[in-house]
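Biologist: I would like to learn how to read a protein model step by step. Could you take me through one, giving the general idea before each case?

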Amino acid sequence: MYKKKENILIVGCGNMGKAHINSFINKKKINLFIYDKNKSQIKEYENNKNITILNNLKLLKKYKFCIVSTNSFERFNVFKNLVDQKKIEIFLLEKF
């Protein structure tokens with residue numbers, strides 16, 4: 001039976017975010033989306049065919065899973081913004 005690809009979003013591409021990206025990057029059943037307000041953090045992924053880089057967090061798709069890997073000062077606001085959009089099924093809030 002054919003199973004469609006799941007959309008996964010990673011917000012925050014510092015050390016922990018990059019570790020999460022690397023764990024998903026070559027999975028065939030996943031569409032990987034990333035976002036970081038600091039564009040230099042995502043520069044290394046610009047030419048990767050397996051990753052879609054988002055320019056903002058206005059979500060146009062539904063996501064099965066989202067990892068929020070931002071600093072503690074931004075985490076709540078990012079999480080609240082994403083929850084209010086009602087397009088993400090499961091969240092993981094990375095605590096550092």
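This is a predicted model: local features need pLDDT of at least 70, side-chain atom pairs count only at pLDDT 80 or more; totals for chains, interfaces and linings use all residues.

Biologist: How many bridges join strand E1 to E2?

Modeller: Strand E1, residues 6-11, runs parallel to E2 and is joined to it by six bridges. To find your place on the screen, look for Asn7, which stands opposite Asn31 in E2. Elsewhere in the sheet, strand E4 (residues 63-68) pairs with strand E5 (residues 88-93) in the parallel sense over five bridges, and there Val68 stands opposite Leu93 in E5.

Biologist: What kind of unit do E4, helix H2 and E5 make?

Modeller: Together, E4, helix H2 (residues 72-85) and E5 form a β-α-β unit, and this unit is right-handed.

Biologist: Now I would like to turn to the other helix. Which residues of H1 are buried?

Modeller: The general idea is that an α-helix has 3.6 residues a turn, so residues three or four places apart point the same way. In this model the buried residues of H1 are Gly17, Lys18, His20, Ile21 and Phe24. They lie on the same side of H1, because they cover an arc of only 160° around the axis. On the other side of H1 you will find Asn15 and Asn22, which are exposed.

Biologist: What covers the buried residues of H1?

Modeller: The cover includes E1, E2, E3, E4 and E5. As one case, take Gly17, which lies in helix H1 and is buried, with a relative accessible area of 0%. Leaving aside residues up to four places away in sequence, Gly17 touches Ile10, Gly12 and Ser69. The C-alpha atoms of Gly17 and Ile34 are separated by 9.0 Å, and these two residues are 17 residues apart along the chain.

Biologist: My last topic is charge. How many salt bridges does the count come to?

Modeller: As a general idea, side chains of opposite charge can pair when their charged atoms come close. In this model the count comes to five salt bridges. One of them joins the side chains of Glu74 and Lys37, with 2.7 Å from N to O. Glu74 lies in helix H2 and Lys37 in the loop between E2 and strand E3 (51-53), so this pair ties together parts that are 37 residues apart in sequence. Glu74 is partly exposed, with a relative accessible area of 24%, whereas Lys37 is exposed at 56%.

Biologist: Which residue forms a salt bridge with Glu89?

Modeller: Glu89 forms a salt bridge with Lys64, and their closest N and O atoms are 3.0 Å apart. This pair links distant parts of the chain, with Glu89 in strand E5 and Lys64 in strand E4, 25 residues apart. Glu89 is exposed, having a relative accessible area of 53%, while Lys64 counts as partly exposed at 30% relative accessibility. A further salt bridge is the one in which the side chains of Lys43 and Glu46 meet, at 3.9 Å from N to O; Lys43 counts as exposed, at 54% relative accessibility.

Notes
Residues are numbered from 1 along each chain as its sequence is written. Side-chain values use heavy atoms; hydrogens and water are left out. Two strands pair if DSSP finds at least two bridges between them. Helices (H or I, at least four residues) and strands (E, at least two) are DSSP runs, numbered from the N terminus. A crossover is right-handed if, with the strands pointing away from the viewer, the path from the first strand over the helix to the second runs clockwise. A salt bridge is a side-chain nitrogen of Lys or Arg within 4 Å of a carboxyl oxygen of Asp or Glu. Buried means under 20% relative accessible area, exposed over 50%, partly exposed in between (1.4 Å probe, protein chains only). The arc is that of the directions from the helix axis to the C-beta atoms. Contact means heavy atoms within 4.5 Å.
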